[in-house]
Amino acid sequence: MRCDRLWKDARLATMAGDGLGLVEDGLIAALDGRILHAGPAAAAPHFDAAETIGCGGRWITPGLIDCHTHLIHAGNRAHEFELRLAGASYEEIARAGGGIVSTMKATREASEDALIASALPRLDALIAEGATTVEVKSGYGLTCEDELKMLRAARRLGDERPVRIATTFLGAHALPPEYAGDADGYIDAVCTEMMPAVALEGLADAVDAFCEGIGFTPAQTQRVFDVAAAHGLPVKLHAEQLSNLHGAALAARAGALSADHLEYLDEAGIAAMAAADTVATLLPGAYYFVRETRLPPIDALRAAGVPIALATDCNPGTSPLSSLLLVMNMGATLFRLTVDECLAGVTRNAARALGLAGEIGTIEAGKSCDLAIWDIERPAELVYRMGLNPLHARIWKGL
């Protein structure tokens, strides 16, 4: 059987099924960028490979997936970090003109090329740790022109680097100053001006919103979801990060791909997510950085069978983090997730959170050949270590 590339003498964590999908003495064959075969070498057919790579017993996982980032933005908020260290809360900073609005001003002033240039180091850090797919949200422009600029810049990241970029329109992220006191008027603009323009250019793979006391109400969020559905765009939601507005249940009723953050998620929200198969995307970097004390309801999510993803939430204000390896460690140490759950969170379940489970997230025949090859003795090392990158090689679409 002909193939382009063959990886042999490898140990596989395919992530297929419910566990790690471990295979000793494994073999992977790829043709035209897709996995042709993955499994034990003893059960594999004979392959006529254009190139054969001996892995020396190294472990191979699916390429890692960061399913929640705000990678495109200008400036940073190190000064706000200093204020928080001095005792100011995230909400106090936001209400004083900092937070998302601060980044909005810098992002509006930046050109599309400048946004790309500033994002590439963050993207490169993710790629260097085995990431092959990265979701990127808008939400710092908050005008039609600037939201489109952000999404175009995000799309162009996929031209600048060998990585799959999934884009999300997050126009309902914060209330810009020009709409002070008129949140409904701003949501009108999101729904009647911004989203149609985004859809016309095909710039978004999904639509997101920030349902929170300092964001938008459930009713306003529902309006965004209704318009997204009219444009054929799936939805996801920042929900229950600072309070419980029942956003996760609202998202689940809309068939959301994921509800993200979830520190204040209640039993009704969990039940709704379980019924809708909505992924719980947990963001331990933000939990750590803002010194949150309320844990997401991990045990209840497990008991309900809600799939759990992990992501960096890479953003300038509450999670300036660009390491999925550290995210896994934080998922284990802060949220008490198991090794299996952490690895599933940045592969199989992260793919589900992007609506891409049929394409990526596991090492199975027919899927994109996105792989990470590691210099480790056991998969637990990817969760256990901090500050060490054991990546040996990264494969995207078979190359």
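In what order do the 8 strands of the open sheet come? In this predicted model, the order is 6-7-8-9-10-11-12-13.

**View 1. An open sheet of 8 strands, paired in parallel.**
Follow the strands across the sheet and you pass through 6-7-8-9-10-11-12-13. The edges belong to strand 6 (64–66) and strand 13 (308–310), each of which pairs on one side only.

**View 2. Strand 9 beside strand 10, running parallel.**
Here we've zoomed in on residues 206–211 of strand 9 and residues 236–239 of strand 10, joined by 2 bridges. Look for Cys211: its bridge partner in strand 10 is Ala239.

**View 3. Two helices on the sheet: helix 4 and helix 6.**

**View 4. Helix 5, residues 144–160, and what covers it.**
This helix has 17 residues, and from first C-alpha to last it reaches 24 Å, close to the 24 Å expected at 1.5 Å a residue. Which of its residues are buried? They are Cys144, Asp146, Glu147, Leu148, Lys149, Met150, Leu151, Ala153, Ala154 and Leu157. The cover over these buried residues includes three helices: helix 3 (100–109), helix 4 (112–128) and helix 6 (183–201). Strand 7 (131–137) and strand 8 (164–172) are also part of that cover.

**View 5. The largest pocket, with about 420 Å³ of space.**
How many residues line this pocket? The lining is made by 25 residues, and those nearest the centre are Ala94, Val101, Ala174, Leu175 and Ile214. Two elements give two or more residues to the lining: helix 2 (90–95) and helix 3.

**View 6. The second largest cavity, with about 30 Å³ of space.**
Rolling a probe the size of a water molecule over the atoms shows where empty space is left. The count here comes to 2 cavities of 30 Å³ or more. Around the second largest cavity you'll find Pro62, Gly63, Ile65 and Thr132 among the lining residues. Also in the lining are Ile360, Gly361, Thr362, Ser368 and Asp370.

Methods:
Residues numbered from 1 in each chain as written. Predicted model: local features only at pLDDT ≥ 70, side-chain atom pairs only at ≥ 80, totals over all residues. Heavy atoms only, no water. Helix = DSSP H or I, 4+ residues; strand = E, 2+ residues; numbered from the N terminus. Expected span 1.5 Å × (residues − 1). Buried < 20%, exposed > 50% of the residue type's maximum accessible area, 1.4 Å probe, protein only. Contact = heavy atoms within 4.5 Å. Pairing = 2+ DSSP bridges. Axes fitted to C-alpha atoms, helices over the stretch in contact; angles between N-to-C directions. 1 Å grid on protein atoms, 1.4 Å probe; cavity = no way out; pocket = protein on both sides within 12 Å on 5 of 7 lines; lining within 4 Å. Points joined across faces, edges and corners; volume = space filled by probe spheres on them.
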